[in-house]
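Reader: I have not looked at this structure before, and I would like to learn how its features are read. Could you take me through them slowly, giving the general idea and then the case at hand?

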Amino acid sequence: MSSKEGSGGFRKRKHDNFPHNQRREGKDVNSSSPVMLAFKSFQQELDARHDKYERLVKLSRDITVESKRTIFLLHRITSAPDMEEILNESEIKLDGVRQKILQVAQEVSGEDMHQFHRAITTGLQEYVEAVSFQHFIKTRSLISMDEINKQLIFTTEDNGKENKTPSSDAQDKQFGTWRLKITPVDYLLGVADLTGELMRMCINSVGNGDIDTPFEVSQFLRQVYDGFSFIGNTGPYEVSKKLYTLKQSLAKVENACYALKVRGSEIPKHMLADVFSVKTDMIDQEEGIS
């Protein structure tokens, strides 16, 4: 056995020959060196960006919750005698959501939007869904992305009680105009989610004896589906994934319209909702098997 090898047959490392108290210790790091000062500034910048991201995630969660509550409120229109009262109440709720979006606009002011888009995209999609659902109930048409963005322009009058302590980013534009633009992808994903709410609205309206709404919704969904079909697989992955759900919603509405046209006179109005719910379950089972 070689003299350089230990008893176990492994070669010893050079520093193993030195006693522990004689090993060379590292020199004290100079905290005032330019390198350390640079890394400290990097640390502060990264911590500030992380805190901003977390604040945006919380705001997005609040926007999502309030938008869902607005959608649930709008579904009551099919069974409520006074539509205007519910529409006014939904507008008040959407104004509260826009105040949350105003805080988002303040947070991302002067920042690269793409770095924080993932934190707020869920809330913006839900807001688009709620606004477009309300607009469809009022006008039976689809709200455009430009119309939504016009509602997200805030002046200093809007920045009152909701923001008593604006962030440091907001102080630079304290007397200016705040705005947040919905991206085309967020708009498309919100419209795709809208189709599911319209399908529920269609079935609920039939149960309340409203025969006209299903045909209006069916025609509207066909136009939306045609528009998404033009995008196909060329668009973002999330959009193509929503296309299958959109197709399911359209099939359920068309099935309801078919039953109304063919068997509407045979089935009592108070039983129509039960018939359609059974047919919807059958479609879901067939799609699950296939």
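Author: Let us begin with contact, which means heavy atoms within 4.5 Å. Please keep in mind throughout that this is a predicted model. With that cut-off, and not counting residues up to four places away in sequence, Glu197 touches Ile71, His75, Glu129 and Phe133.

Reader: What does the side chain of Glu197 do with the side chain of His75?

Author: The two side chains make a polar contact, at 2.7 Å. Glu197 itself is placed in helix 6, which covers residues 184-207.

Reader: Which residues does UniProt list for "binding site"?

Author: The UniProt entry, which is unreviewed, lists Glu129 and Glu197 under that name. They span 69 residues in sequence, yet no two of their C-alpha atoms are more than 8.7 Å apart, so they gather at one spot. Glu129 belongs to helix 3, residues 113-139, and, leaving aside its neighbours within four places in sequence, it is in contact with residues including Gly190, Asp193 and Glu197.

Reader: Are Glu129 and Glu197 buried or exposed?

Author: A residue is called buried when its relative accessible area is under 20%. Glu129 counts as buried because its relative accessibility is 3%, and Glu197, at 12%, counts as buried too.

Reader: How many disulfides does the structure hold?

Author: The general idea is that a disulfide needs two cysteine sulfur atoms within 2.5 Å, and here there are zero disulfides. The sulfur of Cys202 has its closest cysteine sulfur in Cys257, 5.4 Å away, which is too far for a bond. Cys202 is buried, with a relative accessible area of 0%, and Cys257 also counts as buried, at 7%.

Reader: How many aromatic pairs does a search of the whole structure find?

Author: The search finds two. Phe39 and Phe42 form an edge-to-face pair, with 5.6 Å from centre to centre and 70° between the planes; both residues lie in helix 1 (residues 34-74), three residues apart, about one turn of the helix. Phe39 is exposed, at 54% relative accessible area, while Phe42 counts as partly exposed, at 43%. In the pair of Phe136 and Phe220, the ring centres are 4.7 Å apart and the planes meet at 50°, so this pair is tilted. Phe136 lies in helix 3 and Phe220 in helix 7 (residues 212-231), so the pair ties together parts that are 84 residues apart in sequence. Both Phe136 and Phe220 are buried.

Note on methods. Residues are numbered from 1 along each chain as its sequence is written. This is a predicted model: local features need pLDDT of at least 70, side-chain atom pairs count only at pLDDT 80 or more; totals for chains, interfaces and linings use all residues. Side-chain values use heavy atoms; hydrogens and water are left out. Buried means under 20% relative accessible area, exposed over 50%, partly exposed in between (1.4 Å probe, protein chains only). UniProt positions are given in the numbering used here, feature names are shortened, and annotations may be inferred rather than shown by experiment. Helices (H or I, at least four residues) and strands (E, at least two) are DSSP runs, numbered from the N terminus. A polar contact is a pair of N or O atoms within 3.5 Å; within protein, one must be able to donate a hydrogen and the other to accept it, and residues adjacent in sequence count only if both atoms are side-chain atoms. Rings of Phe, Tyr and Trp (its six-membered ring) pair if their centres lie within 6.5 Å; planes under 30 degrees apart count as stacked, over 60 as edge-to-face and the rest as tilted.
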